[in-house]
Amino acid sequence: MINDIFKVKPISVHKANSFNCPVRHILLLIFAVIQLNSYGQVEDTYYLPDIKYNTDIPNPESILKYQIGEWHITHDQLYYTVKTLCEKSENCVFNEIGRTHENRPLVNLIISSKSNIENLESLRKKHNQLTDPTKGQDVNIEEVPLVLYQGYSVHGNESSGSNAVPMIVYYLLAGESEHLEKLLDETIVIIDPCYNPDGLQRFSTWANSHKHLNLVADPIGREFNEVWPGGRTNHYWFDLNRDWIFNIHPSSKARIKNFHYWKPDILTDHHEMGSNRTFFFQPGIPSRTNPNTPQINQDLTEEIGTFHATALDSIGSLYYSKESFDDFYYGKGSTYPDIQGAIGILFEQASSRGHLRQTSNGLLSFPFTIRNQFVTALSTQKAGLNMKSTLLKYKRDFFKDRYEKADNGYFIFEEADHYKANFFVELMNRHQIDVYQNPKDMSIGGQSFSKDISFIVPKKQRQTTLVQTIFETVNTFRDSLFYDVSAWTLPLAFDMKYAESNTGFDAISLNKISSVAYSQKSKTVDSKSYAIAIEWYNYMAPTFLYKLLDEDIKVKVVTEKTKFQSEGSYKDFEVGTLIIPLSNQPLDRTDLVNWIESNVSEYKLNSHVIDTGFSPDGKSLGSPQQNAIEKPRVAMIIGQGVNAYEAGATWHQMDQRMEMPVVMIDKNQIRRADLSTFNVIILPDGTYSTTDENADKIKNWVNDGGTLIAMRRAINFVDRMGMTKYVNKKNAAEKEKNVSYTTLSNYRGAQVIGGAIYQSVIDLNHPLFYGYKDEMLPIFKRGTQFYEVQNTLATPLRYASKPLLSGYTSDKNIEKARNAAGIICSAHGSGQIISLVDNPNFRGYWLGGSKLFANALFFHGLIDSRSLAR
């Protein structure tokens, strides 16, 4: 299919040493330089099949003014090139589907025959009818096109995929052959040139900035070693290939909307992996496939794989399948389609990371990596065309069979907070999951659900399998190794009350909803009002609190349940309630009241009018017990060694939701920073040196009164620095005598906790847990850090005696987790350390931990110093 390979054999150093005269050494050196340069100089024929091409459509080189693979394409160049190609053809539609955080366009190219393009909407609707479990059987498959979605470079520094796109588009639009004519007649090919434009732009700038005229292949070179955080992630350092379910980011929201608009039959996800590997295509490891995925999905994936093998054989590329990766976590791009009646396919190409790299398999050129992505894109198109009827039938049967097997039960969830309830409902709707308002108060499994704030998700609906995986807890697994997390139960992530019912109901009589609109519990302030109280339970209350403090408005917080008179009668106000006196503020009373009411309305907060500062409990508003809140001035340490994902989750939480600034200080800049301007410093998960002046500077800052929030492995740093004295939990000596050499790797791998959901027990009276209502709090557990509880007052969160709620954890680690400390608050000098064993902001969707994180920022000063570990 492809012309002869462009091959240049790498020169061995040993052969070079066999020359006996200086002239030969010089000639050899000259040849080596010529050879290295030639790796970036290829012709179109290196990539393209040997067919005729329409000369009215420009090739990518004529647009870019350089050949594909000579430079790393930037996102703006990619956008311009594919848009130019599309506009030159009547077989292409160019659509913008969204924007990234950095305002870069997310685009699709819809490529098909002229006739199909003219009838695109009717064909799309007919195709999508296949997913209707009650009407799909009426669709004549012969009249329906196959929809193939090909997406590239969700990780920005895995760029060979996006660099292959201009050639793929050119081939589809300019190529002239019977195969292409039939392909465009019978399929709709959707090209997503770049899943992650922000990351691609960051990486391409790095790679191009460090390119040599005389290519350097040594992996130690700067070209191959990006500075932190690298180009893999998006603007907030999130891995977008973990966001297909939660849709935290605008690019993910746009992509899921587009996915369900087209409902593709095959979706490809082009990645890169370690440079010393070869080329991988799915299926992955069979035992690690999610049990909700039918076996036929894997069988079809394997059949499609035969087309990839043939294509890669034709150009002599090495490859493998079924030995790596998996199809377990549905939040990945290649796995989400598997629960949508489609075939998701992961491609992993050994990465050159620059332009030419020495590997264990020889010299790896950037054009070579691009060509592998190119030929497997074409082999996918060929497989889709050849297997069209089978794939369309599979889609139809998938939805029909799952619907018929589903019982008439439902899941019900309750959430009093507007933000969390609306977030959850909108997420369900993006995935085309039907949600209904609960019509009556009810009790299920000993839990009561109020009709005003609870919602019903029927099991028997089009997305019945996705509903199952979103709500289910899983504790039984075929394998003990996972490429990513092993649990993602959304109601637990949101700390929502929920239950499952097997009793049927009449959906026709229910009100289907797409968003939540709660009526606010707030009263109009009159001239006699003394203060305004804000319930801290509300998710957006911390956002409002920061705005108050940023305006220098004095705010007090209730630290013990207290009665105050409100609208003529006494009411209990819970710990964490914000009290805003209406006198002695920087704004006059009228302006202050109007400003507060405006923000209360914007953030959907519950507020109360307080008539008098007197409390019959003896804790009046002037009492020392009603503490004033200090504005957080927050810094976060970042840089080499810090977990960029977790630092990014913290940044995103503060920037996007809490609307408060965080000064990010690179490790290399700590020595220059005036840390006294901050009262809170966050150490995200990562490794930190204890032997340089930066470590001592942080230690002295805490000693002088600062609050240090140490997350996950950062706890090891504060412990080694002598600021804390934590004790790791240990099991009895582990017996490994029955573990064989061949099973040792799997045995050790099974002790890893890649991601599970644990039950924890919290102290509702501790300032870190103001705003929570239930002492049982689900938390997300990664890693195997388990600490002894040495001081119960200093340990406001510990894992339950039966810790595992969902996901995989070995028996050995479950035993360690029982009653282990999850948060430890320690004193050091005049300051304190809040050690969070787990990340409360995990991947931006663990909303159940958001209040804990906010409390650490705002209420750290309320923690009684006598309760701290010493």
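1. Strand E29 (residues 756–762) is mostly covered, with seven of its seven residues buried, where buried means under 20% relative accessible area, exposed over 50% and partly exposed in between, for a 1.4 Å probe and protein chains only. Strands (E, at least two residues) and helices (H or I, at least four residues) are DSSP runs, numbered from the N terminus. This is a predicted model, in which local features need pLDDT of at least 70 and side-chain atom pairs count only at pLDDT 80 or more, while totals for chains, interfaces and linings use all residues. Residues are numbered from 1 along each chain as its sequence is written, and side-chain values use heavy atoms, with hydrogens and water left out.

2. In a regular strand the side chains alternate between the two faces of the sheet. Both faces of E29 are covered, with Ala756, Tyr758, Ser760 and Ile762 buried on one side and Ile757, Gln759 and Val761 buried on the other.

3. E29 pairs with E30 in the antiparallel sense over six bridges, and two strands are taken to pair if DSSP finds at least two bridges between them. Ile757 has Phe780 as its bridge partner in E30. With strand E31 (residues 797–806), E29 pairs in the antiparallel sense over five bridges, and here the bridge partner of Ser760 is Tyr799.

4. Helix H17 (residues 541–550) is largely enclosed by the rest of the structure, because eight of its ten residues are buried. Those buried residues pack against strand E18 (531–534), strand E22 (578–581), helix H18 (589–602), helix H19 (644–657) and helix H24 (850–858), contact being heavy atoms within 4.5 Å. Just after H17, Asp552 takes a positive phi of about 60 degrees.

5. Five cavities of 30 Å³ or more are found in a search of the whole structure; a cavity is a set of points, on a 1 Å grid over the protein atoms alone, where a 1.4 Å probe fits but cannot get out, and its lining residues have an atom within 4 Å of a point. Grid points are joined across faces, edges and corners, and a volume is the space filled by probe spheres set on the points.

6. The largest cavity holds about 110 Å³ of space. Among its 16 lining residues, Ile779, Leu797, Asp838, Pro840 and Leu852 are the closest to its centre. E30 gives the most to this lining, with four residues.

7. The second largest cavity has a volume of about 70 Å³, and its lining consists of Val154, Tyr195, Leu240, Asp243, Trp244, Ser252, Arg255 and Ile256.

Conventions
On a 1 Å grid over the protein atoms alone, a cavity is a set of points where a 1.4 Å probe fits but cannot get out, and a pocket is an open set with protein on both sides within 12 Å along at least five of seven lines; lining residues have an atom within 4 Å of a point.
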